[in-house]
Amino acid sequence: MTDSAHIAPNLEQRLRDIFESRDRENMQPTIDAFLEVLAEHPDNAYVLYDVGGSYDTAGEEETALGYYERAMAAGLSGDTLRRCLLQYGSTLRNLDRFDDSLAALDRALELYPHSESVRMWHALSLHAAGRSDAAVAALMELAVDEIRTEDLLRYEAAVRGNAAYLRELDAERAHRPEPR
């Protein structure tokens, strides 16, 4: 849940307890609990992240964005930064802010290139942005990188070749002039 290298153990445990007791169908008690902790630790990046996540889960995406942005500005790091960037990018996508979503997830990919979840959500944002060729290519690469079965490995070169072809199609479309 948090990056213990940058947060006091007692605060980390308190945040974990609140997170683990959440009810996704009724997030208000969780939001209230995190806001209480935030009142005690107003500039703590990890608390800000958890407040944002609770608002996000409650369907209050616009509110969540502000907390995610504050958390990143306050120095969020490690695996918690990875999760924050993913959730931030996903929330932006849900708000139809596709370019912003892809920028956040591009940053996440730069910092965490081997994160399967970041790669998956990046592909989802590509698809939402109307870039289905790039989305399929990303998912094909994720599959061949992570599903290491004899059956799929037999076709690894073909999968990678087709993914590269789809990326080329996407790049060509990106450089094509807009129709009038």
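Select Asp133 and show what lies around it. Leaving aside residues up to four places away in sequence, Asp133 touches Leu166, Leu169, Asp170 and Arg173; contact here means heavy atoms within 4.5 Å. Asp133 sits in helix H8. With a relative accessibility of 15%, Asp133 counts as buried. The classes are buried for under 20% relative accessible area, exposed for over 50%, and partly exposed in between, with a 1.4 Å probe and protein chains only.

A note on what is on screen. This is a predicted model, in which local features need pLDDT of at least 70 and side-chain atom pairs count only at pLDDT 80 or more, while totals for chains, interfaces and linings use all residues. Residues are numbered from 1 along each chain as its sequence is written, and side-chain values use heavy atoms, with hydrogens and water left out.

**Next: Val144**

Stay in helix H8 and select Val144. Val144 is buried, at a relative accessible area of 1%. Which residues does Val144 touch, not counting those up to four places away in sequence? They are Leu152, Glu156, Val159 and Arg160. Now pick the C-alpha atoms of Val144 and Ala157: 9.3 Å separates them, and the two residues are 13 apart along the chain.

**Next: H8 against H10**

Select residues 132–146 for H8 and 156–175 for H10. Helices are DSSP runs of H or I with at least four residues, strands are runs of E with at least two, and both are numbered from the N terminus. The axes of H8 and H10 come within 8 Å and cross at roughly 155°. H8 is therefore roughly antiparallel to H10. Axes are lines fitted to C-alpha atoms, for helices over the stretch in contact, with angles from 0 to 180 degrees between N-to-C directions. Angles under 35 degrees count as roughly parallel, over 145 as roughly antiparallel, 65 to 115 as roughly perpendicular, and the rest as oblique.

The crossing of H8 with H10 is left-handed: the near helix is turned anticlockwise from the far one by less than a right angle, whereas clockwise would be right-handed. Show side chains. The H8 face includes Asp133, Ala137, Met140, Glu141 and Val144. Among their counterparts in H10 are Val159, Arg160, Ala163, Leu166 and Arg173. Colour the contact of H8 with H10 by class: 10 residues are nonpolar, 1 is polar and 8 are charged. Nonpolar covers Ala, Val, Leu, Ile, Met, Phe, Trp, Tyr, Cys and Pro; charged covers Asp, Glu, Lys and Arg; the others, Gly among them, are polar.

**Next: H5 against H7**

Select H5 (residues 78–94) and H7 (residues 116–128). Their axes come within 10 Å and cross at roughly 15°. That makes H5 roughly parallel to H7. This crossing is left-handed. On H5, look at Arg82, Leu86, Gly89, Ser90 and Arg93; on H7, at Ser117, Val118, Trp121, Leu124, Ser125 and Ala128. The contact of H5 with H7 has 5 nonpolar, 4 polar and 2 charged residues.

**Next: Asp96**

Move to the loop between H5 and helix H6 (98–111), and select Asp96. Asp96 is exposed, at 57% relative accessibility. Check the backbone: phi of Asp96 is near 65°, a positive value in a residue other than glycine. Most residues other than glycine have a negative phi.

**Last: zoom out**

How many helices and strands are there in the protein? There are 10 helices and 0 strands. The C-alpha atoms fill a box of roughly 55 × 50 × 30 Å along the principal axes. Of the 180 residues, 40% are buried.
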